[in-house]
Amino acid sequence: MSIYSLPAADYHAGDFDDRPALSKSIIHTLLTRSPLHAWTEHPKLNPGYQREDSSVFDLGTVAHAMFLEGDGTGVVVLDFPDWRTKAAKEARDEARALGQIPMLSTHWDDVQALVAGMREGIAAVRAEPPLFANGKPEQSIVWEEKGVLCKMRADWLHDDYSACDDLKTTARSGAPEQFSRSLFSVGYDVQAAFYQRGIRSVSGRDCAFRLVVVETQSPYAVSVFELSPAALALANQKIDFALELWADCLKKDRWHGYPRQVMHVEPPTWEETRMYEREYREGGEAV
């Protein structure tokens, strides 16, 4: 059980010991796809693994780094109109090799506006302890659970381990009634419970996990979420299942994909309801 301040590249490489570490993203892949997909996405299992490194500008990623680092030391602004020239590509690749985030100068104003909106919106949220205060960014924790090596990387971990704040940016709506439904499909519930387990392993105490969601378009609205006890209980059930599945696949070195039989599909309740509503609108007769 250890806590580190590591560059992102070192954390993702996962060289903590000889075992492949289980992360929240690999858990999500196990739960939503298959062990074969998890094997393919793991740098210590797949010899041909290549980490995705898109050249497409990601406003949220850059703003995320600037907000957490405070002074933008993780971001390098490059004075090129685009990435098409050899010089631009070389400068971009050099920055990435140093663990930095390259950004074209043409996007600087957009990033500045988003970061300013983040700070204003987050400061206005009433939370105890206050969000992103009295702590450190990008803290990595490594621990063992049920014989499985696990790892996590906290956006912001409070010094007294009372809370972990995770910053999410979205180009879609961060409205509570919408985001609270979608967070389960992308695995944020599992992330919350998994991070709480990791923090408990080094601190011995329970830790609040707050999802801080910021829209990337003006007015850069902010909403903050914590999972209910029932949601966390279900997330921990998912994690326990993933731990057992991961351990079994490692032990047997068998990484199966999807089922090899024909799957029969039943209509979901909402699809039947939609048809009944259409019939009702048409006077009880289907068209």
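Mentor: Begin with strand pairing: two strands pair if DSSP finds at least two bridges between them. Helices (H or I, at least four residues) and strands (E, at least two) are DSSP runs, numbered from the N terminus. This is a predicted model, in which local features need pLDDT of at least 70 and side-chain atom pairs count only at pLDDT 80 or more, while totals for chains, interfaces and linings use all residues. Residues are numbered from 1 along each chain as its sequence is written, and side-chain values use heavy atoms, with hydrogens and water left out.

Trainee: What do β4 and β5 form, and how many residues lie between them?

Mentor: Strands of a sheet pair through backbone hydrogen bonds, either parallel or antiparallel. Here β4 and β5 form a hairpin with 2 residues between them. In its turn, Lys-146 has a positive phi of about 55°. Strand β4 (residues 135–145) and strand β5 (residues 148–158) run antiparallel, joined by 10 bridges. Within this pairing, Ser-140 stands opposite Arg-153 in β5.

Trainee: Which strands run antiparallel, and which pair in the parallel sense?

Mentor: An antiparallel case is β1 with β4, joined by 4 bridges; the bridge partner of Ser-2 in β4 is Val-142. A parallel case is strand β6 (residues 163–170) with strand β7 (residues 208–215), over 8 bridges. There Asp-166 stands opposite Leu-211 in β7. Axes are lines fitted to C-alpha atoms, for helices over the stretch in contact, and angles run from 0 to 180 degrees between N-to-C directions.

Trainee: At what angle do the axes of α8 and α9 cross?

Mentor: Two packed helices are described by the angle between their axes and the distance between the axes. The axes of helix α8 (residues 188–203) and helix α9 (residues 229–252) come within 8 Å and cross at roughly 75°. That makes α8 roughly perpendicular to α9. The cut-offs are these: angles under 35 degrees count as roughly parallel, over 145 as roughly antiparallel, 65 to 115 as roughly perpendicular and the rest as oblique. Residues of α8 in the contact include Val-190 and Phe-194, which belong to the set meeting α9 residues, among them Ile-239 and Leu-243. The contact of α8 with α9 divides into 8 nonpolar, 2 polar and 4 charged residues. For these classes, Ala, Val, Leu, Ile, Met, Phe, Trp, Tyr, Cys and Pro count as nonpolar, Asp, Glu, Lys and Arg as charged, and the others, Gly among them, as polar.

Trainee: How does α2 pack against α8?

Mentor: Helix α2 (residues 24–32) and α8 pack at an angle of about 135°, with their axes 10 Å apart. That makes α2 oblique to α8. The contact is made by Lys-24, Ile-27 and Leu-31 of α2 and Val-190, Gln-191, Phe-194 and Tyr-195 of α8. By class it has 5 nonpolar, 1 polar and 1 charged residues.

Trainee: Which salt bridge links distant parts of the chain?

Mentor: Side chains of opposite charge can pair when their charged atoms come close. A salt bridge is a side-chain nitrogen of Lys or Arg within 4 Å of a carboxyl oxygen of Asp or Glu. By this rule the count is 16. One of them joins Lys-136 and Asp-159 (3.1 Å, N to O). Lys-136 is in strand β4 and Asp-159 in the loop between β5 and β6, 23 residues apart.

Trainee: Which peptide bonds are cis?

Mentor: Most residues other than glycine have a negative phi, and most peptide bonds are trans. The bond from Glu-128 to Pro-129 is cis, with omega near 0°, and Pro-129 is found in the loop between α6 and β4. The bond from Ser-218 to Pro-219 is cis as well, with omega near 20°. Phe-132, in the loop between α6 and β4, has a positive phi near 50°.

Conventions. Contact = heavy atoms within 4.5 Å.
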